[in-house]
Amino acid sequence: MSDNVILIRFGELYLKGKNLSFFENKLKDNIRAKLHGIECKLYFGRGRYVVKEYASADEDAIIFRLRQVFGIHSISVAQRCGYETDEIVALALKIVPDSGTFRVSSHRSFKKYPLNSMELNRMLGEKLLLAKPALSVDLHEPDFTLHVDVREQGDVYLYADTIACAGGMPSDTAGNGLLLLSGGIDSPVAGYMLAKRGMNLTALHFHSYPYTSQAAKDKAIDLALKLKQYCPKLNLKCISLTKIQETIHNKCKPNYMITLVRRFMMRIAQRVAVAENCGCIINGESLGQVASQTLESITVTNAVVSLPVFRPLIGMDKDEIIEIAERIDTFKKSIEPYDDCCTVFLPDFPLIKPTIEKVEEQEIRIENYNELIDEALQNIESIEL
């Protein structure tokens, strides 16, 4: 077994007051589920969780999994000792390098410990300088920082590094949302952003087979699998838009194609959201990025649904979105060159400032509008992830 333990810290949960136990219990359940299959023990103390008694070979896997758990702010690989000064000093001498600059940063949550944080810093600093003459103190930009965490039940943890984690709120604490998942860069990031706030996701992917390939659909499945690492209850639905797009192409003006398709998509999405007990629709729109994401286009597509539509990327530029996509490992998959449903019958000059009145004039031309929606929903496909 490893001599190390892994300290887990949460962030925003401190703000929850009397509701803290609800969020903590969800976080504990999510940690247990994430570490399922790895032999270890979990200790849940006040303000600190600890993973211990695990095999050294499993340490990297534990760190990798914990970094994907929403609600965890950071983790540290630490070593444990007791309250005795000799034990703390011996462990500090083992951890701190023999040369360079250092500082000691202590935190004493166990207030009955005889030394306060400043006294502990001074005591350890003195012992280290005496034992290792090549060391010197630098309180501002040291080469090495020794963190000392004095906890209840006789435990003192010493560590050097803090590993940033996903943060946010624990999964399954903010209801359910329906994510419109395309094969592009933006929508997986939008889903991640809402999942980070504790929301469970159902993903809905529209395809246009045979105009789009099976590979394009498989790409969406792969993206959903990547999101599932962060949102464990995520499931995926797929719906064909082929007949709807063919009908619009045959009956309506070409430059209305994208706007009309998106209104169909929103009506279908609302029906799916209600069936799946989702309280909102989520998409990856960023204001002004393409013709369908102008203020006018968004107004026209929003007009056909009553559920709130969340657009977590609305004020972000492409570089900001790509940065998150790279961090959550969806970017490389998203840029694979497979066309999605939005490229089918794409007009040369799509509308960028549609009005509801003009769009409705085009929709009247589609006599079987509701039947097309019903048929699409009857053939919905559930994908097991």
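This is a predicted model: local features need pLDDT of at least 70, side-chain atom pairs count only at pLDDT 80 or more; totals for chains, interfaces and linings use all residues.
Two strands are taken to pair if DSSP finds at least two bridges between them.

Strand 7 (residues 144-150) runs antiparallel to strand 8 (residues 156-159), and four bridges join them. Val148 is bridged to Leu158 in strand 8. Strand 7 is also joined to strand 5 (residues 100-108), in this case by seven bridges and in the parallel sense. Arg103 has Thr145 of strand 7 as its bridge partner.

How many of the seven residues of strand 7 are buried? Seven of the seven are, so the strand is largely enclosed by the rest of the structure. Phe144, Leu146, Val148 and Val150 point one way from strand 7, while Thr145, His147 and Asp149 point the other way, and all are buried.

| Strand pair | Sense | Bridges |
|---|---|---|
| Strand 5 and strand 7 | parallel | seven bridges |
| Strand 7 and strand 8 | antiparallel | four bridges |
| Strand 12 and strand 15 | antiparallel | three bridges |

An open sheet of six strands has the order 14-13-10-11-12-15, with mixed pairing. Its edge strands are strand 14 (309-310) and strand 15 (381-383), each of which pairs on one side only. Strand 15 pairs with strand 12 (residues 235-240) in the antiparallel sense over three bridges. One point in this pairing is Lys237, whose bridge partner in strand 15 is Ser382.

Helix 6 (residues 214-228) lies across strand 10 (176-180), strand 11 (200-207), strand 12 and strand 15. The helix runs at about 170° to strand 11.

**The largest pocket**

The largest pocket has a volume of about 860 Å³. Its lining comprises 42 residues, of which Ser182, Arg262, Gln293, Asp340 and Cys342 lie nearest the centre of the pocket. Helix 5 (186-195), strand 11, helix 6 and helix 8 (257-275) each supply at least two residues of the lining. Helix 8 provides the largest share, six residues.

Helix 5, one of these contributors, is largely enclosed by the rest of the structure, because nine of its 10 residues are buried. The buried residues of helix 5 are Asp186, Ser187, Pro188, Val189, Ala190, Gly191, Tyr192, Leu194 and Ala195.

Is Thr242 buried or exposed? Thr242, which is located in helix 7 (residues 242-251), has a relative accessibility of 8% and therefore counts as buried, the cut-off being under 20%. Residues up to four places away in sequence aside, Thr242 touches His207, Ser208, Tyr209, Pro210 and Tyr211.

Phe345 is found in the loop between helix 11 (331-334) and helix 12. With a relative accessible area of 24%, Phe345 is partly exposed. Not counting residues up to four places away in sequence, Phe345 touches Tyr211, Gln245, Glu246, His249 and Met257. His249 lies 96 residues from Phe345 along the chain, yet the C-alpha atoms of the two are separated by 6.9 Å.

Glu363 belongs to helix 12 (residues 356-363). Glu363 counts as buried because its relative accessibility is 10%. Which residues is Glu363 in contact with, leaving aside its neighbours within four places in sequence? They are Leu260, Arg263, Arg267 and Tyr369. With Tyr369 there is a polar contact between side chains, at 3.2 Å.

Methods: Residues are numbered from 1 along each chain as its sequence is written. Side-chain values use heavy atoms; hydrogens and water are left out. Buried means under 20% relative accessible area, exposed over 50%, partly exposed in between (1.4 Å probe, protein chains only). A polar contact is a pair of N or O atoms within 3.5 Å; within protein, one must be able to donate a hydrogen and the other to accept it, and residues adjacent in sequence count only if both atoms are side-chain atoms. Contact means heavy atoms within 4.5 Å. Axes are lines fitted to C-alpha atoms, for helices over the stretch in contact, and angles run from 0 to 180 degrees between N-to-C directions. On a 1 Å grid over the protein atoms alone, a cavity is a set of points where a 1.4 Å probe fits but cannot get out, and a pocket is an open set with protein on both sides within 12 Å along at least five of seven lines; lining residues have an atom within 4 Å of a point. Grid points are joined across faces, edges and corners, and a volume is the space filled by probe spheres set on the points.
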